[in-house]
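This briefing is meant to be read beside the sequence and the model. It covers the whole chain in brief and then a few local sites.

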Amino acid sequence: MTPRDDSESSGPRRSRWSDLERPPLNAAAVRRALVREGGLWREVDVVQRTGSTNSDLVARSAEGRLREGVVLVAEEQTAARGRLDRQWVAPARSGLFFSVLLRPGDGVPMERWGWLPLLTGVAVATGLARAGGVDTALKWPNDVLVTVGGEERKAGGILAEAAGDGGVVVGAGVNVSLRADELPVPTAGSLALAGAVSTDRDPLLRAVLRGLEDWYGRWRAAGGDAGACGLQEAYAAGCATLGRVVRAELPGDRALVGEAVAVDGDGRLILATEAGVQEPVGAGDIVHLRAG
């Protein structure tokens with residue numbers, strides 16, 4: 001079947017195969033590598049273009065109960081969202097854009113589900129480091145950082161949404177091959193700009209999803225106890241926010257400044273303030289001010 005041409009250029013028609021620096025994902029190979037008897041991933045779909053993989057999975061879940069372990073990957077998203085409904089924009093095939101459906105309800109209390117985006121962050125950061133040969137770090141609660149020109153840059157983000165009927169959709173977007181002139185904002189980065197050894201998206205996606213399967217399995221087996229399964233320690237080890245003086249921009253136009261000293265058992269960031277009080281932060285934007 002001839003690939004559909006999504007280009008709107010008035011010039012010569014170009015197929016989605018024409019950018020050799022950004023080849024399409026090999027969907028069949030990804031499925032063979034990830035879908036196995038007894039494994040978490042049961043269905044892996046790759047679509048050429050959609051608004052948001054998170055929105056699509058949430059809608060599909062609302063239409064009828066989907067099995068846990070559905071993965072939806074898009075080569076391009078036109079209405080991707082980050083936290084606080086911020087827009088996520090990237091050229092087609094320039095990154096990893098995917099969402100997964102998880103159902104942690106059996107055996108994991110709902111109050112521990114807040115660890116899911118942090119768990120996904122660990123899987124994404126370690127998977128990219130291993131398969132891409134690039135240094136990564138995590139910014140609490142849901143950003144993946146790389147270093148470009150000696151500066152920390154955001155290369156990825158994670159968003160978790162309730163899907164109804166005991167489901168949670170966790171989505172991730174990672175800039176892989178974006179060039180400097182393609183960055184949506186000056187503070188963004190990509191694996192390519194950070195000097196990654198490989199920007200081949202197939203092994204990157206496989207590494208991230210295998211890591212997510214592994215950590216999710218450990219976390220569920222421990223009843224969602226992040227300390228008991230090693231997740232809390234792993235997150236802290238890779239978190240660039242800890243040891244920093246930060247400003248937490250909180251709901252209700254409030255702000256709190258302090259040193260980030262720990263991530264507690266509920267996944268909250270603990271700030272030690274100048275008043276000598278340790279304040280837990282469960283939600284909000286974090287601005288890194290300086291090293292601790």
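Which residues of helix 2 (residues 53–63) are buried? They are T53, N54, L57 and S61, where buried means under 20% relative accessible area, exposed over 50% and partly exposed in between, with a 1.4 Å probe and protein chains only. These residues cover an arc of only 105° around the axis, which puts them on the same side of helix 2; the arc is that of the directions from the helix axis to the C-beta atoms.

The model is predicted, with local features requiring pLDDT of at least 70 and side-chain atom pairs pLDDT 80 or more, while totals for chains, interfaces and linings use all residues. Residues are numbered from 1 along each chain as its sequence is written, and side-chain values use heavy atoms, with hydrogens and water left out.

**Whole protein**
- The protein has 5 helices and 14 strands; helices (H or I, at least four residues) and strands (E, at least two) are DSSP runs numbered from the N terminus.
- Of the 292 residues in the protein, 48% are buried.
- Among contacts (heavy atoms within 4.5 Å) with a separation of 6 or more, 65% are between residues 24 or more positions apart.

**Helix 2, continued**
- Exposed residues A62 and E63 sit on the face of helix 2 turned away from its buried side.
- At the start of helix 2, the backbone nitrogen of N54 has a side-chain oxygen of S52 within 3.3 Å.

**Helix 1**
- Helix 1 (residues 27–34) has A27, A29, V30 and L34 buried.
- Seen down the axis, the buried residues of helix 1 fall within an arc of 165°, so they line one face of the helix.
- An α-helix has 3.6 residues a turn, so residues three or four places apart point the same way.
- Strand 1 (43–47) and helix 4 (201–221) are what the buried residues of helix 1 pack against.

**N142**
- N142 lies in the loop between strand 6 (137–139) and strand 7 (143–148).
- N142 counts as buried because its relative accessibility is 10%.
- A polar atom of the N142 side chain lies 2.6 Å from the backbone oxygen of I158.

**A160**
- A160 belongs to strand 8 (residues 151–164).
- With 34% relative accessibility, A160 counts as partly exposed.
- A160 and P117 are 43 residues apart along the chain, yet their C-alpha atoms are separated by 6.1 Å.
- Neighbours within four places in sequence aside, A160 is in contact with P117, V168, V169 and V170.

Key:
Polar contact = N/O pair within 3.5 Å; in protein donor to acceptor, adjacent residues only side chain to side chain.
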